[in-house]
Amino acid sequence: MSGARSTTAFRPRRLAAVARKEFIHVLRDPRALGIAIVLPMIMLLIFGYALTMDLDRVPLAVWDQSRTPQSRELVSRFEGSRYFSLVARPDSYREVEASLAGGRTMMAVVIPVEFGRRVASGRTTAVQVLADGSDANTTTLALSYAESVVRGYSQEILVERIRRLTGRPPALPLDLRFRSWFNTDMESRIFIVPGLIAVIMMLITALLTSLTVAREWETGTMEQLVSTPLRGTELILGKLVPYFTIGMLDMLLSVLAGRFLFGVPIRGSLVLLFLVSAIYLVGALSLGILISAKAKTQLLASQFAFVATFLPAFLLSGFMFDIRNMPKALQVLTYLIPARYFVAFLRGLYLKGTGLAQLWPECLLMVLFGALMLLAAIHSFRKRLD
Amino acid sequence: MSLPSAGTSAVTLRDLERKFGEFVAVNRISLEVRQGEIFGFLGPNGAGKSTTIRMLCGLLEPTGGQGTVAGLDIRTQREEIKRHIGYMSQKFSLYDDLTVEENIDFFSGIYSVPRARKEARKAWVLDMANLQDHRRTRTGLLPAGWKQRLSLGCALLHEPRMLFLDEPTSGVDPLTRRAFWDLIYRMASEGVTVFVTTHYMEEAEYCDRLALIYRGELVALGTPAEMKDSLMADQVLCVTTDRSHEALGVAAAVAGVRDAALFGRDIHLMTGDAEALAPRLRRTLEEAGFQVGTVARITPSLEDVFVSLIEARDRAEGAQKEFKV
């Protein structure tokens, strides 16, 4: 009989039928459209704007007990710095304490009564800086800004004094010439947006596909499909097609938003960017399908997809926390998180303009991840009810 | 191209068995379904009807025994079988968010209906299901009976020679059910073998042949007429009284009555000898103060047959258990 072979053979037409049906599902399901288009944009906006690690305009309180030209000079230097914004002028320690405790200010500078006199007479003078140390990272950063303001003033006083004694300004022994590469303005947004794209792609795609197989089990349509000649490969690949399209659309939207909304330049090759994204996408989508096929209910599948993709991609990919600062055990674990490679790839390509020459290990591992997940997804579908 | 021939049998089962852990859902069933007949698979809920039909359609693997469908082995040629059968599961299983036409197109693609036949088959389904005016309606908005017709149509798109229907009419009203059976007849007249499970007695009467399944076992096999004539060990006496409910207990206690059951306002009594029992029964009931109308032997309905067969089996099993203890 001629049909014996064609039953087990792969038929593109059956794949196309599944893909067309899945497109219709997505286009008619407002929930899916929301996850597909609205959620990534919201995430980009929220994280892009809120998740800045830069410290600007630290709210500052100054208690100037000296009220001399010297003390006013110091205060004006704090006012002039873009890192500080003077919001309070307390008149007592009680007020200083209240402003710090109430969170209205993050830092207080206390200038002693004898400040002006001692500076004028060339003696060492203490300036007290009180900081709200709740957030250790931010405080450290703010303290270093304060230190540089104070040191700058202190140095100028010294230079002035020497000039008056010797008649000419002294040459400073060391001159630090600092230049930041890749992110010249040191804006954390430029660092965050590429990583964010990796996290968004992982979450959205896994969330979208996690529902697709589980829904068919829940509504009973899977039983009908199992009774037809449809093959697992045709079903899984057919389901991937529309979500892959949506994923690439999301990628395009994210890249455009990064470029024009956040002004993040892309220094590397656009072709490579989209090629590698496509590979990463196949892996992430397949992971979602795998979860969906195993969970068999939509609720369980979407919850599991969230935990299995978003959390590792967010916390362990190097997007939020530097992998080098993690405990050894966690560092080893991050090698299993595909987002780690995509984050590294995107940052390299966006910020440094690096290509395959430097990033091939990351790309290779993503290809491996994609292939493994795709195979696992296809094999996860058993054409049986038991 | 023709189906591989297995004589004239569309389905053959030999000691088919399916266990779920310790539970035996289908216990060594053997039967044969002839080509072109409407074969009814009758039994209460949980008797193993769906499990059997799923094994026949290649959805479940048997844990014992053998079987063929259209001459193909249900253990080793399951994917091949799927090309030659249409299956309608118990649950409505089309896509609610797709239109009528989109559902048809989808299954047409899945069953690889030749492109040249595609439009003709679609027209045939729309015509059969009487949905020509609703081809762009979302399937979810259709009434249950219409959905069922569409399901049937989608299962027939590839013109299978065998149709498996798992409780196709559960949850629809009797008129719709009757209309659905007209479609089944139409398929059968075109030479399609129909294997249908049901727990509705009146549907069983529509079948060419019946198998009664109870607790996973085959209890009886034959045409509806054969079952009524020969399988019934008991005769049935129909009694009408003024207060049937109260009279039931009195009647059941009369010597020679094996079983008594209410059928509407009548009492049906199972007995070995209806002629001898009738006068004694009338006397006993009248002495107890009931007004007795007619006492007559009747031809048993299928329901009588099944109640009788199942209760006989329960009695035998009960006796066996007592004996073992």
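## Chain B at a glance

Chain B carries 11 helices and 14 strands, where helices (H or I, at least four residues) and strands (E, at least two) are DSSP runs numbered from the N terminus. This is a predicted model, in which local features need pLDDT of at least 70, side-chain atom pairs count only at pLDDT 80 or more, and totals for chains, interfaces and linings use all residues. Residues are numbered from 1 along each chain as its sequence is written, while chains are lettered from A and ligands numbered from 1 in the order in which they are written.

The C-alpha trace of chain B spans about 75 × 45 × 35 Å along its principal axes. Of the 325 residues in chain B, 41% are buried, that is, 20 or more other C-beta atoms lie within 10 Å of the residue's own, with C-beta atoms placed from the backbone (12 or fewer makes a residue exposed, and anything in between partly exposed). Take the contacts in chain B between residues at least 6 apart in sequence: 68% of them join residues at least 24 apart. A contact here is two C-beta atoms, placed from the backbone, within 7 Å.

## Nonpolar cores

The largest nonpolar core holds 142 residues, and A:Ala198, A:Met201, B:Phe164 and B:Phe195 have the most contacts inside it. Such a core is a set of buried Ala, Val, Leu, Ile, Met, Phe, Trp, Tyr and Cys residues joined through C-beta atoms within 7 Å. Helix 8 of chain A (residues 188-219) gives the most to this core, with 19 residues.

Leaving out residues up to four places away in sequence, A:Ala198 touches A:Ala313, A:Ser317, A:Phe319, A:Ala339, A:Phe342, A:Val343 and A:Leu346. There's also a second, separate core of 19 residues, with A:Leu100, A:Met106, A:Val119 and A:Ala146 among them.

## Domains and sheet in chain A

Chain A splits into domain 1 (12-51 + 187-380) and domain 2 (58-166), with bounds from an automatic or database domain assignment. Their centres, taken over C-alpha atoms, are 49 Å apart.

Chain A also has an open sheet of four strands in the order 2-1-3-4, with mixed pairing; strands pair if DSSP finds at least two bridges between them. Strand 2 (84-88) and strand 4 (128-131) of chain A are the edges, each pairing on one side only. Strand 1 (residues 58-64) and strand 3 (residues 107-111) of chain A run parallel over five bridges, and A:Asp64 sits opposite A:Ile111 in strand 3 of chain A.
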